[in-house]
Amino acid sequence: MGSKNKLKRFNENATFSNVFQPTREEVVSDSLALKGKWNSDFFKNNNPIVLELGCGKGEYSVGLAEKYPNKNFIGIDIKGARFWRGAKTAVENGLNNVAFLRTQIELIKHCFDENEVDEIWITFPDPQIKYKRTKHRMTNSEFLQNYKKILKPNGLMHLKTDSEFMHGYTLGLLHGEGHEVLYANHNVYNNAGAPEEVTSIQTFYESQYLKINKSITYIQFKIK
């Protein structure tokens, strides 16, 4: 993407009422005005809050928002030029139950209060295969504890990925640490019992993977 395109998207993001781009200092100092008030001050309802971490273009957040109008969705990514597409689509389609937050995933505990979030989706994250990159894997122990701080008791976690490595690493960690695995499958589109929200919504790259018969894996779990 050219720098002019990026600048155009950044400028357009600033005009969208569903996009929030706090500074790192604002987040770290717990000065984000919406922390603990996402429902009351933005969504204006008490519906469940669902996050998509590393939302990319925001396709999944928008797809979930369209499918579940009685839930509130927040796509989170550090790259605003990417989720511009999702934010713009939501505005154009009048979807008032989806927002986008530009911040780093490791700062998520500063963006939401304890027990403010009902579900978290992690869709097609970078598997960070090299051992020295373990600390950056979005399902490592430290990240899971950060998620637990903002999730309601019994809040759901979802991991959808094309990476067998990420699937296996996460499944092993969950079992090893005593978390509750509710569902796990190495080829979710080839399983008649797969949850509908997993197979009925696809990102662009996911659809490309499926065309070449690449397996998509999925885990649903609770953090203990």
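Where does lysine 130 lie? Lysine 130 sits in the loop between β5 (117-123) and α6 (141-150). This is a predicted model.

**Salt bridges**
- Side chains of opposite charge can pair when their charged atoms come close.
- The count of salt bridges comes to nine.
- One of them joins lysine 67 to glutamate 196, with the closest N and O atoms 3.0 Å apart. This pair links distant parts of the chain: lysine 67 is in helix α4 (residues 59-67), glutamate 196 is in helix α8 (residues 196-199), and 129 residues separate them.
- Lysine 67 is partly exposed, at 30% relative accessibility. Glutamate 196 is also partly exposed, with a relative accessible area of 48%.
- Glutamate 119 and lysine 71 form a salt bridge at 2.9 Å, N to O. Glutamate 119 is in strand β5 and lysine 71 is in the loop between α4 and β3 (72-77), so the pair ties together parts 48 residues apart in sequence.
- Glutamate 119 is buried, with a relative accessible area of 12%, whereas lysine 71 is partly exposed, at 23%.
- Aspartate 118 meets lysine 152 in a salt bridge of 3.4 Å, N to O. Aspartate 118 belongs to strand β5 and lysine 152 to strand β6 (residues 151-161), 34 residues apart.
- Aspartate 118 counts as buried, at 18% relative accessibility. Lysine 152 is partly exposed, at 34%.
- Arg85, Lys88 and Glu92 are linked in a network of salt bridges.

**A buried charge without a salt bridge**
- Glutamate 116 lies in the loop between β4 (98-102) and β5.
- Glutamate 116 is buried but has no salt bridge. Its nearest side chain of opposite charge is lysine 35, 7.8 Å away. A salt bridge needs the charged atoms within 4 Å.
- A polar atom of the glutamate 116 side chain lies 2.9 Å from the backbone nitrogen of glycine 36.

**A positive patch**
- Lys130, Lys132, Arg133 and Lys135 gather on the surface in a patch of positive charge.
- Lysine 130 is exposed, with a relative accessible area of 58%.

**Positive phi angles**
- Most residues other than glycine have a negative phi.
- Asparagine 115 is not a glycine, yet its phi is positive, about 65°. Asparagine 115 is in the loop between β4 and β5, and is partly exposed, with a relative accessible area of 39%.
- Phenylalanine 124 also has a positive phi, near 50°. Its place is in the loop between β5 and α6.

Note on methods: Residues numbered from 1 in each chain as written. Predicted model: local features only at pLDDT ≥ 70, side-chain atom pairs only at ≥ 80, totals over all residues. Heavy atoms only, no water. Patch = residues over 30% accessible without salt bridge, like charges linked within 9 Å, V, L, I, M, F, W, Y side chains within 5 Å. Areas by Shrake-Rupley, 256 points an atom, 1.4 Å probe, with all protein chains shown as cover. Lys, Arg positive; Asp, Glu negative; His and termini not counted. Charge placed at Lys NZ, Arg CZ, Asp CG, Glu CD. Helix = DSSP H or I, 4+ residues; strand = E, 2+ residues; numbered from the N terminus. Buried < 20%, exposed > 50% of the residue type's maximum accessible area, 1.4 Å probe, protein only. Polar contact = N/O pair within 3.5 Å; in protein donor to acceptor, adjacent residues only side chain to side chain.
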